[in-house]
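Here is a briefing on one protein model. Read it with the sequence and coordinates open.

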Amino acid sequence: MNEQIATAREQEVILLRTRQRLPFREIADQLGINVKTAHEAWVRGMKRWAQAAAEERDAEIGRQLATLEALLDGLMPKAVNGDARAAEVIIKALDRHARLLGLDAPVKVDAKLTDALTAEVEALADEIAERAR
């Protein structure tokens with residue numbers, strides 16, 4: 001029973017903090033608790049929400065992986081027998097599979113500002129400043 005009360009309090013604190021943007025002092029006053037208790041309820045509640053979100057994310061990844069496996073099982077015989085469209089879909093499915101599992105290396109971007117680009121950005125900033133006056 002105490003866990004149910006604690007969970008309800010956490011939910012109240014989260015709603016007051018996120019929807020009404022109340023500071024912890026006002027939340028504490030409104031709920032008749034001290035500021036430390038309000039903050040601790042916030043931390044516990046946010047951890048609980050994060051854990052639930054992670055579990056749901058993992059479950060969704062599992063559902064998508066199962067769908068991809070079924071797709072691969074169905075298309076593989078066609079691809080092996082020379083069906084180019086089936087092979088193309090398999091490649092796309094394997095790409096999605098790799099992205100879901102984080103198997104691909106991050107893409108490196110080489111973003112360099114040249115002097116010409118810097119000058120163009122500065123000119124645009126000056127133009128915006130002029131229009132704002």
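Contact here means heavy atoms within 4.5 Å. On that basis, and leaving aside neighbours within four places in sequence, His-97 is in contact with Leu-65, Leu-68 and Glu-69. The model is predicted. Its average pLDDT is 91.

**Confidence**

- A pLDDT of at least 70 is reached by 98% of the residues.
- Among the elements, helix α2 (residues 24–31) has the highest mean pLDDT, at 96.
- Helix α5 (residues 115–132) has the lowest mean, at 83.

**Helix α1 against α2**

- Two packed helices are described by the angle between their axes and the distance between the axes.
- For helix α1 (residues 2–18) and α2, the axes come within 10 Å and cross at roughly 135°.
- The crossing of α1 past α2 is right-handed.
- On the α1 side, the contact is made by Glu-12, Val-13, Leu-16 and Arg-17.
- On the α2 side, Phe-24, Ile-27, Gln-30 and Leu-31 take part.
- By class, the residues of this contact are five nonpolar, one polar and two charged.

**Helix α2 against α3**

- The axes of α2 and helix α3 (residues 35–80) come within 8 Å and cross at roughly 105°.
- Angles of 65 to 115 degrees count as roughly perpendicular, so α2 is roughly perpendicular to α3.
- From α2, the contact draws on Phe-24, Arg-25, Ile-27 and Ala-28.
- From α3, it draws on Val-35, Ala-38, His-39 and Trp-42.
- This contact of α2 with α3 has six nonpolar residues, one polar and one charged.
- Phe-24 and Ile-27 of α2 are in the contact with α1 and also in the contact with α3.

**Helix α3 against α4**

- The axes of α3 and α4 are 9 Å apart, and the helices pack at an angle of about 155°.
- An angle over 145 degrees counts as roughly antiparallel, so α3 is roughly antiparallel to α4.
- The crossing of α3 and α4 is left-handed.
- The α3 residues in the contact are Ile-61, Gln-64, Leu-65, Leu-68, Glu-69, Leu-71, Leu-72, Leu-75, Met-76, Lys-78 and Ala-79.
- The α4 residues are Ala-86, Ala-87, Val-89, Ile-90, Ala-93, Leu-94, Arg-96, His-97, Leu-100 and Leu-101.
- By class, this contact has 16 nonpolar, two polar and three charged residues.

**His-97**

- His-97 lies in helix α4 (residues 84–101).
- Its relative accessible area is 18%. Buried means under 20%, so His-97 is buried.
- Its listed partners Leu-65, Leu-68 and Glu-69 are among the α3 residues that make the contact with α4.
- His-97 and Ile-61 are 36 residues apart in sequence, and their C-alpha atoms are 9.5 Å apart in space.

**Thr-7**

- Thr-7 has its place in helix α1.
- Thr-7 is buried because its relative accessible area is 18%, and the cut-off is under 20%.
- Thr-7 and Leu-72 are 65 residues apart in sequence and 43 Å apart in space, C-alpha to C-alpha.

**Arg-21**

- Arg-21 lies in the loop between α1 and α2.
- Most residues other than glycine have a negative phi.
- Phi of Arg-21 is near 55°, a positive value in a residue other than glycine.
- The relative accessibility of Arg-21 is 63%. Exposed means over 50%, so Arg-21 counts as exposed.

**Asp-58**

- Asp-58 is found in helix α3.
- At 43% relative accessibility, Asp-58 counts as partly exposed, because that class lies between the 20% and 50% cut-offs.
- Asp-58 and Asp-83 are 25 residues apart along the chain, and 33 Å separates their C-alpha atoms.

Technical notes
Residues are numbered from 1 along each chain as its sequence is written. This is a predicted model: local features need pLDDT of at least 70, side-chain atom pairs count only at pLDDT 80 or more; totals for chains, interfaces and linings use all residues. Side-chain values use heavy atoms; hydrogens and water are left out. Helices (H or I, at least four residues) and strands (E, at least two) are DSSP runs, numbered from the N terminus. Buried means under 20% relative accessible area, exposed over 50%, partly exposed in between (1.4 Å probe, protein chains only). pLDDT is the predictor's confidence in each residue, from 0 to 100. Axes are lines fitted to C-alpha atoms, for helices over the stretch in contact, and angles run from 0 to 180 degrees between N-to-C directions. A crossing is left-handed if the near helix is turned anticlockwise from the far one by less than a right angle, and right-handed if clockwise. Ala, Val, Leu, Ile, Met, Phe, Trp, Tyr, Cys and Pro count as nonpolar, Asp, Glu, Lys and Arg as charged, and the others, Gly among them, as polar. Angles under 35 degrees count as roughly parallel, over 145 as roughly antiparallel, 65 to 115 as roughly perpendicular and the rest as oblique.
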